[in-house]
Structures are given as structure tokens and as C-alpha cells.
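This report walks through a single protein model for a reader who has not seen it before.

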Amino acid sequence: MTYRDLLSALLPLCGPNEARAILRLTLERRFGLAWNDVLCDDFSALDSSRKGELESVMLRLENGEPVQYVLGEADFCGRRFIVNKAVLIPRPETEGLVELTLAEKSSNLNVLDIGTGSGCIAVTLALARSDWHFAALDISREALAVARINAAKFGAANIDFVEGDILSPAFCTAAKYDIIVSNPPYIPDEEKRGMADNVLRYEPPEALFVPDARPLIFYEAILRFANCRLRAGGKIFLEANTRFAGEIKALFEAANYRASIGNDCFGKQRFVCIVKS
């Protein structure tokens with residue numbers, strides 16, 4: 001076993017920089033190896049059992065499984081969140097959605113996170129604002145189980161987890177909210193052709209894709225819900241497909257909300273910020 005052998009196994013899947021990053025993340029976090037030792041082909045810290053485990057891990061990576069699922073964790077806003085195939089892997093651009101929400105300085109707010117997945121948004125917000133109360137909604141019971149684990153891991157006690165379908169016209173809650181935040185599915189099926197194979201094969205499609213004929217289906221549902229359950233003056237922070245940010249803004253403005261578009265960390269129009277009149 002050599003560093004070059006391990007690196008070469010990943011090169012058919014990605015470029016050398018990404019392959020090195022995946023390998024370093026795996027060997028340091030999963031196996032506790034010092035990177036300098038790896039570069040010198042020193043794997044003496046691994047006994048035969050751990051070497052067998054490394055072979056199994058490498059096989060998963062060679063098959064294209066995202067390293068976050070292999071390790072069972074993903075970085076988000078400086079924390080390592082538990083993830084599995086029931087939840088979307090948190091993306092760095094979504095950290096901007098958290099930053100926008102935390103710009104709200106009012107106290108004792110009720111906040112709803114729609115499509116919570118791993119809970120990375122709700123948990124991060126809850127840890128930053130212990131005076132706010134959160135409801136984290138998802139249609140997937142398996143995703144909510146992961147979100148609960150993450151809330152317990154980081155000690156975010158001010159979150160209620162709710163199983164429900166925001167797309168159902170009958171969906172409602174007893175509570176009213178001051179803030180709604182959401183990173184809903186927003187990729188039209190037609191865009192699958194240009195996406196990485198490991199995303200298509202391993203990440204939950206229900207957390208990613210929407211019908212070509214109704215790319216704004218989740219935003220329409222959020223608007224319907226906000227009309228009856230968001231307080232006057234309440235705010236909505238949405239992540240969006242860059243193709244449709246302008247259309248989402250127009251959707252809410254047509255319903256007499258005020259809306260603006262914000263850029264993500266890559267300079268793309270990724271967020272729509274909305275205020276209910």
C-alpha cells in the first residue's frame with residue numbers, strides 16, 4: 001500500500017486536487033493518520049484490521065460514493081454534522097442562507113425551517129440564537145432522525161421536529177412564525193444531464209429535484225403557507241436555483257411581499273430575501 005496507489009485509485013473519478021483532498025480527509029479523520037506519514041508511505045499505525053477497513057473505504061470511494069457519506073459527516077458553518085444517504089450533503093453556499101437569517105436581531109422569534117434534512121440550518125441557527133424557538137419540518141422520517149441526532153450532538157434544545165409535507169394543500173401548523181427559512185428542492189429534472197454521477201447515484205432525489213413543468217413548486221407552497229402562518233412584517237429567507245431567483249422574487253412581489261436577491265459565496269444569485277407587508 002502506497003500513497004500513490006491510493007491516489008491513483010481516485011483519479012478516474014476526479015481531478016488530482018480533489019482526489020488528494022478526499023484522500024487526506026479520509027485518512028486523517030477516519031484513520032487518524034498524520035498526513036506527512038501518508039506522504040512517506042508510512043501506514044505502520046494501521047493494524048491488519050484497520051488496513052482491511054481502509055480497503056473497504058477505498059472501494060466505496062472508487063465506486064463514486066461521496067466522501068461525506070463514507071465518513072458519515074459533513075462540514076457546515078464550522079461544525080461536523082452527521083449525514084447519511086437519507087439527507088442532502090450540506091453545501092458551502094447554504095452557509096450564506098444562515099448568515100442572512102442571523103442578520104435579524106430581534107429577540108424571541110418563532111422560526112420555521114422547511115425541508116430541514118440533516119438539520120444543519122436549524123441547528124446552526126438555534127445554537128446562535130438560543131432565545132429563538134425553531135420548528136424543523138421535513139417529509140422524510142429518516143431525515144428527521146438524522147436532524148434530531150445532530151441537534152442532540154450539538155446541544156440545540158430549542159428545536160421541535162415536525163414530519164409533514166409542505167406541498168400538501170392541507171398542511172398547516174397551529175403556530176405562527178416570524179421567520180421562514182428554506183433550502184427546498186429546486187433543480188429541474190432536465191438539469192440531471194449535467195450533474196455529477198455521484199450526486200445522482202447517492203444523494204436523495206426528493207431533496208434535489210422538481211418537475212420541469214413546475215420548477216417553482218416549493219416556492220409556491222411556501223408562499224401559500226406564508227400567507228396564512230407568517231406574521232405581518234415577518235421575513236422569509238430562501239435558497240434558489242440561480243436560473244429562477246428573479247422569478248421567485250416576482251412570485252412573492254405579485255402577492256404584495258417585498259423581495260430582494262442576494263449572492264452566494266461564489267457570486268451567484270442564490271438567495272431571495274422576502275418581507276411580508
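How many residues line the largest pocket, and which lie nearest its centre? The lining has 31 residues, and G115, D138, P185, E206 and A207 are the ones nearest the centre. A pocket here is an open set of points on a 1 Å grid over the protein atoms alone, where a 1.4 Å probe fits and protein lies on both sides within 12 Å along at least five of seven lines; lining residues have an atom within 4 Å of a point.

The model is predicted: local features need pLDDT of at least 70, side-chain atom pairs count only at pLDDT 80 or more, and totals for chains, interfaces and linings use all residues. Residues are numbered from 1 along each chain as its sequence is written, and side-chain values use heavy atoms, with hydrogens and water left out.

The volume of the largest pocket is about 510 Å³, taken as the space filled by probe spheres set on the points. Its lining consists of 19 nonpolar, eight polar and four charged residues. Helix α7 (120–128) and strand β4 (133–138) each give at least two residues to this lining. Helices (H or I, at least four residues) and strands (E, at least two) are DSSP runs, numbered from the N terminus.

The largest nonpolar core contains 36 residues, and I180, I236, I248 and F252 have the most contacts inside it. Such a core is a set of buried Ala, Val, Leu, Ile, Met, Phe, Trp, Tyr and Cys residues joined through side-chain atoms within 4.5 Å. Helix α10 (residues 217–229) provides the largest share of this core, eight residues. A second, separate core has 26 residues, including F81, C120, L125 and V181.

In helix α6 (residues 95–102), the residues G96, L97, V98 and T101 are buried. Among the elements that cover them are β1 (73–76), β6 (177–182) and β9 (230–239).

Three residues can be set side by side for accessibility. Buried means under 20% relative accessible area, exposed over 50%, and partly exposed in between (1.4 Å probe, protein chains only).

| Residue | State | Relative accessible area |
|---|---|---|
| C40 | exposed | 61% |
| C77 | partly exposed | 25% |
| N108 | exposed | 61% |

C77 sits in the loop between β1 and β2 (79–82), and its phi is near 50°, a positive value in a residue other than glycine. N108, in the loop between α6 and β3 (110–114), also is not a glycine and has a positive phi of about 55°.

Notes: Nonpolar A, V, L, I, M, F, W, Y, C, P; charged D, E, K, R; others polar. Contact = heavy atoms within 4.5 Å.
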